Amino acid sequence: MPSEDTTISVAVAQFASEADTDANIDRIAMLTASAAAKGARVVAFPEASSFAFMSSAAALASAAQSGSRSFRAAMGQIAKANGVDLVVGLYADGGSPLADNLLVVFGSDGQERGSYQKLHLFDAFHFRESEKSSFASLKDGFGELTVFDLGPFRFGLINCYDLRFPEIARALVDLGVNVLVVCAAWTMGPLKELHWETLLRARAIENTAYVMAAAQPAPVATGLSSILDPTGVILGTVPIGEGVVCATLSSCHLKRWRSMVPSLDHRRYAIAGRSATSQHTNNETIRGTEVCHSSS
């Protein structure tokens with residue numbers, strides 16, 4: 001007897017944050033209401049939705065110290081008012097001179113369900129994010145990663161530059177994730193639109209997982225916020241400007257493809273996390289790993 005199909009509608013929102021937290025809250029409220037009106041139960045917003053990504057280190061730190069608490073309170077209210085789980089990128093005060101770049105999940109009851117601090121800071125394409133934001137600490141058992149559940153779907157959070165590191169998506173999948181949520185300010189640069197779409201498709205295909213990708217638009221970033229199915233097919237996109245796109249996730253579609261292409265079960269290697277080592281590259285701690293046979 002075929003298993004019962006569970007479906008939910010999800011949405012990704014695209015907008016350009018500015019150096020005015022109240023204005024950003026207004027845009028998020030409007031776009032969340034639009035997504036909820038279309039039936040979305042989970043809505044993802046870009047990285048740095050609380051304050052402009054390209055701001056100076058001092059401005060980000062000041063915004064994190066003065067506005068993070070009120071911004072988070074507003075996000076909880078928006079999530080509750082619309083009956084959705086909300087994923088939003090924001091800057092928070094982590095106790096260092098630099099701001100923490102976080103993704104925070106707010107449940108439909110208005111309460112925070114978890115937060116994830118960006119692991120890979122964007123020190124590439126002549127940009128130095130490590131001069132503006134703090135590095136996240138690594139924890140045993142991949143405890144630095146964040147997941148949340150809604151029915152048969154487990155969502156895992158990825159922040160922008162993390163997308164270029166396939167091991168983080170695979171680690172999330174090993175935690176049971178079948179929907180990867182990518183929140184980004186994927187800045188403009190040579191071939192960046194191509195990289196964005198290619199990497200989103202790759203993460204979906206190699207993990208047979210849905211992908212929800214919310215990005216900021218031009219002129220700072222590439223836009224192309226998208227939802228992809230486990231085959232890498234793009235179910236919907238916000239190509240330019242501000243907007244929301246919704247798509248339906250299907251538990252049967254996911255199971256069917258994972259059965260048809262059981263690459264996760266065929267793995268000969270597994271990612272095995274250990275305690276963080278003392279190795280450093282570009283001031284970032286590198287997790288010690290061991291190559292081992294998968295138990296699958």
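Which residue in β8 is the bridge partner of Gly156? It is Leu180. That contact belongs to a predicted model, in which local features need pLDDT of at least 70, side-chain atom pairs count only at pLDDT 80 or more, and totals for chains, interfaces and linings use all residues. Residues are numbered from 1 along each chain as its sequence is written, and side-chain values use heavy atoms, with hydrogens and water left out.

## Overall build

The protein has five helices and 16 strands. Helices (H or I, at least four residues) and strands (E, at least two) are DSSP runs, numbered from the N terminus. The radius of gyration is 18 Å, close to the 19 Å that the globule rule gives for 296 residues, so the protein is as compact as a globular protein of that length. That radius is taken over C-alpha atoms, and the rule is 2.2 Å times the number of residues to the power 0.38. Along the principal axes, the C-alpha atoms fill a box of roughly 55 × 50 × 40 Å.

Of the 296 residues, 53% count as buried. Buried means under 20% relative accessible area, exposed over 50%, and partly exposed in between (1.4 Å probe, protein chains only). Contact means heavy atoms within 4.5 Å. Among contacts between residues at least 6 apart in sequence, 67% join residues at least 24 apart.

## The six-stranded sheet

An open sheet of six strands runs in the order β5-β4-β3-β2-β1-β12, with mixed pairing. β5 (112–117) and β12 (243–250) stand at the edges, each with a single partner strand, so one side of each is left without a neighbour in the sheet. The twist averages 25° from one strand to the next. Axes here are lines fitted to C-alpha atoms, for helices over the stretch in contact, and angles run from 0 to 180 degrees between N-to-C directions.

Two strands pair if DSSP finds at least two bridges between them. β3 (residues 85–93) and β4 (residues 99–106) pair in the antiparallel sense over eight bridges. Leu90 stands opposite Leu102 in β4.

With β6, the pairing is antiparallel over four bridges. Asp149 has Arg154 in β7 as its bridge partner. The two strands form a hairpin with two residues between them, and Gly151 in the turn has a positive phi of about 60°. With β8, β7 pairs in the parallel sense over five bridges. Six of the seven residues of β7 are buried, so this strand is largely enclosed by the rest of the structure.

Helix α3 (residues 166–174) has Ile168, Ala169, Arg170, Ala171, Leu172 and Val173 as its buried residues. They pack against β5, β6 (147–150), β7 (153–159), β8 (179–184), α4 (192–207) and α5 (251–260). Gly176 follows α3, with a positive phi near 100°.

## Aromatic pairs

The whole structure holds eight aromatic pairs. Rings of Phe, Tyr and Trp (its six-membered ring) pair if their centres lie within 6.5 Å; planes under 30 degrees apart count as stacked, over 60 as edge-to-face and the rest as tilted. Two stacked pairs are listed here.

| Pair | Centre distance | Plane angle |
|---|---|---|
| Phe53 and Phe127 | 5.5 Å | 15° |
| Phe148 and Phe155 | 4.9 Å | 10° |

Phe53 lies in the loop between β2 (42–44) and α2 (57–82) and Phe127 in the loop between β5 and β6, so their pair ties together parts that are 74 residues apart in sequence. Phe53 and Phe127 are both buried. Phe148 and Phe155 are both buried too.

Ring pairs link Phe53, Phe122, Phe125, Phe127, Tyr161 and Phe165 into a cluster. The charged end of Lys192 sits over the ring of Phe125, 4.7 Å from its centre. This label requires NZ of Lys or CZ of Arg within 6 Å of the ring centre and within 35 degrees of the ring normal.

## Backbone details in the loops

A cis peptide bond joins Ala218 and Pro219, with omega about 10°. Pro219 is in the loop between β9 (210–215) and β10 (225–228). Its relative accessibility is 73%, so Pro219 counts as exposed. Pro219 and Ala16 are 203 residues apart in sequence, yet 8.7 Å apart in space, C-alpha to C-alpha.

Leu224 is also in the loop between β9 and β10. Leu224 has a positive phi of about 60° although it is not a glycine. Leu224 is partly exposed, at 22% relative accessible area.

Ala48 likewise has a positive phi of about 60° without being a glycine. Ala48 is in the loop between β2 and α2, and counts as buried at 0% relative accessibility.
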